[in-house]
Amino acid sequence: MTIYFDMDGTIANLYGVDDWLPRLRSYDPTPYVVAEPLLRLSSLARLLNKLQKKGYRLGIISWGSMNAPNFYDEAVAAAKLFWLNRHLPSVAWDEIHITAYGIPKEETAEEPDGILFDDNKGIRDAWMGTAYDVDNILEILKGLI
Ligand SMILES: [Mg+2]
């Protein structure tokens, strides 16, 4: 079983970055770099490492920016990988997918009937497995151990 995480609005507070939208519209990748964590990532990492030892796989499925040209999708993907390495360095992800905006996540996932945490209701509704909103991520993960 794979546990997938969205990034923006789920583990990374992109929407709390000053002027995030105009900066994205001008193809600035730094809001993705400086976004603050939305939960205690040391706790998240500890739980994820325990779950992986129990046999769960771990994945990221995150979109780039809306209406982005290829060069900006690439810059955003690099920024998101930087964020993951900086904030969750001890997590060995089994899958990381940083795709263009709007690509159905159930088509991106290697295991589309896995578990997904995502703040976007439309994505959760389209997901084929179990999808959770962002409340109580740590408590839900504890329940899987
Ligand atoms: Mg999101």
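Ser-65 sits in the loop between strand 2 and helix 4; helices (H or I, at least four residues) and strands (E, at least two) are DSSP runs, numbered from the N terminus. Ser-65 is buried, at a relative accessible area of 5%. Buried means under 20% relative accessible area, exposed over 50%, and partly exposed in between (1.4 Å probe, protein chains only). This is a predicted model: local features need pLDDT of at least 70, side-chain atom pairs count only at pLDDT 80 or more, and totals for chains, interfaces and linings use all residues. Residues are numbered from 1 along each chain as its sequence is written, and side-chain values use heavy atoms, with hydrogens and water left out.

**Loop residues**

- Ser-65 touches Leu-24, Arg-25, Tyr-32, Tyr-72, Asp-73 and Tyr-101, not counting residues up to four places away in sequence. Contact means heavy atoms within 4.5 Å.
- Asn-67 also lies in the loop between strand 2 and helix 4. Asn-67 is exposed, at 68% relative accessibility. Its phi is positive, about 55 degrees, although Asn-67 is not a glycine.
- Asp-19 belongs to the loop between strand 1 and helix 1 (20–25). Asp-19 is exposed, with a relative accessible area of 56%. Asp-19 is not a glycine, yet has a positive phi of about 55 degrees.

**Helix 3 against helix 7**

- Helix 3 (residues 41–53) and helix 7 (residues 137–144) pack at about 20 degrees, with axes 10 Å apart. Helix 3 is therefore roughly parallel to helix 7 (angles under 35 degrees count as roughly parallel). Axes are lines fitted to C-alpha atoms, for helices over the stretch in contact, and angles run from 0 to 180 degrees between N-to-C directions.
- The crossing of the two helices is left-handed: the near helix is turned anticlockwise from the far one by less than a right angle.
- Helix 3 contributes Ser-43, Leu-44, Leu-47, Leu-48 and Leu-51 to the contact, and helix 7 contributes Ile-137, Leu-138, Leu-141, Lys-142 and Leu-144.
- By class, this contact has eight nonpolar, one polar and one charged residues.

**Nonpolar core**

- The largest nonpolar core has 27 residues. Such a core is a set of buried Ala, Val, Leu, Ile, Met, Phe, Trp, Tyr and Cys residues joined through side-chain atoms within 4.5 Å.
- Ile-3, Phe-5, Ile-11, Leu-44, Leu-88, Trp-93 and Leu-141 have the most contacts inside this core.
- Strand 1 (2–5), helix 3, strand 2 (57–63), helix 4 (70–87), strand 4 (115–117) and helix 7 each supply at least two core residues. Helix 3 gives the most, with six.
- Leu-141 touches Ile-3, Phe-5, Leu-44, Leu-47, Leu-48, Leu-51 and Phe-117, not counting residues up to four places away in sequence.

How values were computed:
Angles under 35 degrees count as roughly parallel, over 145 as roughly antiparallel, 65 to 115 as roughly perpendicular and the rest as oblique. Ala, Val, Leu, Ile, Met, Phe, Trp, Tyr, Cys and Pro count as nonpolar, Asp, Glu, Lys and Arg as charged, and the others, Gly among them, as polar.
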